[in-house]
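The following note sets out points on the model shown below, for a colleague who works with computed structures. Each point may be read against the coordinates.

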Amino acid sequence: MNRGPDGRRRPVTIHDVAREAGVSRGTVSRVLNGGHYVSPAAQTAVNNAIRRTGYVVNRHARSLITGKSDSVAFLLTEPQERFFEDPNFNVLLRSCTQALAAQDIPLLLMIAGSDDERRRNLRYIEAGHVDGVLLVSSHSGDPVAGELQAAGVPVVACGKPIGRQARVSYVAADDREGARDMVRYLHDRGRRRIATVTGPLDTPGGVERLAGYRETLAECGLPADESLIATGDYSRASGEQAAELLLERAPDLDAVFVASDLMAQGVVDALGRAGRTVPEDVAVGGFDDSPAALSTRPPLTTIRQPWDRISREMVRMLLARISGEDPAAVILPTELVRRDSA
């Protein structure tokens with residue numbers, strides 16, 4: 001901040017930066033808008049002057065000139081309570097915020113857990129208040145990805161957008177291979193009645209992890225048994241309910257592969273109430289390696305999703321889409337993390 005003639009502090013302006021750098025106001029403006037037609041020496045001088053003066057870009061004024069908001073939305077298509085319950089969403093939001101902060105781009109959190117919320121959020125987005133959308137937790141039949149695409153809004157999804165893989169950019173962990181690693185591990189530990197609690201089967205994680213479970217059972221020579229499959233919704237309560245159902249159907253089960261750590265917490269609770277010890281009577285494997293995996297007793301053997309890499313790739317790809325690049329996809333490897341539950 002500088003002081004005016006009356007002694008009051010005033011904001012640093014682009015003119016102050018130009019004076020400090022020894023260049024024209026136009027040169028500073030070109031640096032702030034991408035550095036086109038600016039020599040390396042002039043760009044260095046302007047960037048140094050910005051640091052010395054503490055100049056902050058007036059985003060509103062800049063958006064009027066460029067037609068861009070210089071901000072991005074993190075759009076979660078789940079009810080609000082899921083955002084606070086599921087630690088994965090918080091980890092992903094924090095990592096995306098950090099990745100965008102490195103580019104000096106603010107992130108706006110938007111939750112569309114109902115049709116009314118979806119319509120309000122889409123009106124706001126389509127009005128140009130954000131330059132692109134990081135779309136999280138898209139369900140099969142969810143119209144959000146298609147509506148954003150039809151409106152020409154750059155979007156990158158977390159997980160494969162079912163039915164739109166070829167048209168929408170996305171970043172995903174290798175859900176199927178992660179499930180295969182866990183089921184193979186349980187089998188190698190001597191378990192033969194391996195059940196599973198799936199995620200919602202209208203989500204990519206639910207579909208892919210169930211497919212990996214089925215494939216690996218077949219490879220291990222274990223018979224397909226539908227009584228060993230129960231569906232959850234990624235919540236802890238649904239894990240409890242699914243475990244109770246599985247114990248009723250198949251009391252001789254000796255392992256459970258659970259498609260999320262939060263559901264696995266519920267499974268462990270239900271097993272304890274039923275008098276089953278973990279892992280002695282029933283081994284339990286989760287998926288995510290979220291904070292829930294460490295707070296479970298015993299701590300969960302699980303599949304680690306590389307949340308930091310997922311976030312960085314989502315941000316990188318969204319900025320590329322905003323710049324006009326074609327849709328792309330990235331699938332990242334998972335990792336088996338051995339702890340005490342299996």
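In which loop does Asp 288 lie? Asp 288 lies in the loop between S11 and H13, and point 6 returns to this residue.

1. Basis of the note. This is a predicted model, in which local features need pLDDT of at least 70 and side-chain atom pairs count only at pLDDT 80 or more, while totals for chains, interfaces and linings use all residues. Residues are numbered from 1 along each chain as its sequence is written, and side-chain values use heavy atoms, with hydrogens and water left out.

2. Overall description. The chain has 14 helices and 14 strands; these are DSSP runs numbered from the N terminus, with helices being H or I of at least four residues and strands E of at least two. Along the principal axes, the C-alpha atoms fill a box of roughly 85 × 40 × 35 Å. Of the 342 residues in the chain, 52% are buried (buried means under 20% relative accessible area, exposed over 50%, and partly exposed in between, with a 1.4 Å probe and protein chains only). The accessible surface comes to about 16000 Å², and carbon and sulfur atoms account for 49% of that surface; the areas come from the Shrake-Rupley method with a 1.4 Å probe, and for residues only the protein chains shown count as cover. Among contacts (heavy atoms within 4.5 Å) between residues at least 6 apart in sequence, 69% join residues at least 24 apart.

3. Nonpolar cores. A nonpolar core is a set of buried Ala, Val, Leu, Ile, Met, Phe, Trp, Tyr and Cys residues joined through side-chain atoms within 4.5 Å. The largest nonpolar core has 43 residues, and those with the most contacts inside it are Leu 186, Tyr 213, Val 256 and Val 284. Elements that each supply at least two residues of this core include helix H9 (175-188), strand S8 (194-198) and helix H11 (236-249). Helix H12 gives the most to this core, with six residues. Val 284 touches, among others, Val 256, Val 258, Ala 264, Leu 300 and Ala 342, not counting residues up to four places away in sequence. Apart from this core lies another, of 28 residues, among them Leu 134, Val 171, Met 314 and Val 315.

4. A search of the whole structure finds one cavity of 30 Å³ or more. The largest cavity has a volume of about 420 Å³. On a 1 Å grid over the protein atoms alone, a cavity is a set of points where a 1.4 Å probe fits but cannot get out, and lining residues have an atom within 4 Å of a point. Of the 31 residues that line the largest cavity, the closest to its centre are Ser 137, Cys 158, Arg 209, Tyr 234 and Trp 307. H10 provides the largest share of the lining, four residues. By class, the lining has 14 nonpolar, 10 polar and seven charged residues; Ala, Val, Leu, Ile, Met, Phe, Trp, Tyr, Cys and Pro count as nonpolar, Asp, Glu, Lys and Arg as charged, and the others, Gly among them, as polar.

5. Cis peptide bonds. Most residues other than glycine have a negative phi, and most peptide bonds are trans. A cis peptide bond joins Val 278 and Pro 279, with omega about 10 degrees, and Pro 279 is found in the loop between H12 and S11. The peptide bond from Arg 297 to Pro 298 is also cis, with omega near 0 degrees; Pro 298 lies in the loop between helix H13 (291-295) and strand S12 (302-304).

6. Which phi does Asp 288 have? Although Asp 288 is not a glycine, its phi is positive, about 130 degrees. Asp 288 counts as buried because its relative accessibility is 4%. Asp 104, also not a glycine, has a positive phi of about 60 degrees and lies in the loop between H6 and strand S4 (107-111). Asp 104 is exposed because its relative accessible area is 52%.

7. Two further buried residues. Phe 83, in helix H5 (residues 80-85), counts as buried at 6% relative accessibility. Phe 83 touches Leu 76, Phe 89, Asn 90, Leu 93, Leu 109 and Ile 111, not counting residues up to four places away in sequence. Thr 203 lies in the loop between S8 and H10 and counts as buried at 6% relative accessibility. The C-alpha atoms of Thr 203 and Asp 142, 61 residues apart along the chain, are separated by 9.9 Å.

Terms used. On a 1 Å grid over the protein atoms alone, a cavity is a set of points where a 1.4 Å probe fits but cannot get out, and a pocket is an open set with protein on both sides within 12 Å along at least five of seven lines; lining residues have an atom within 4 Å of a point. Grid points are joined across faces, edges and corners, and a volume is the space filled by probe spheres set on the points.
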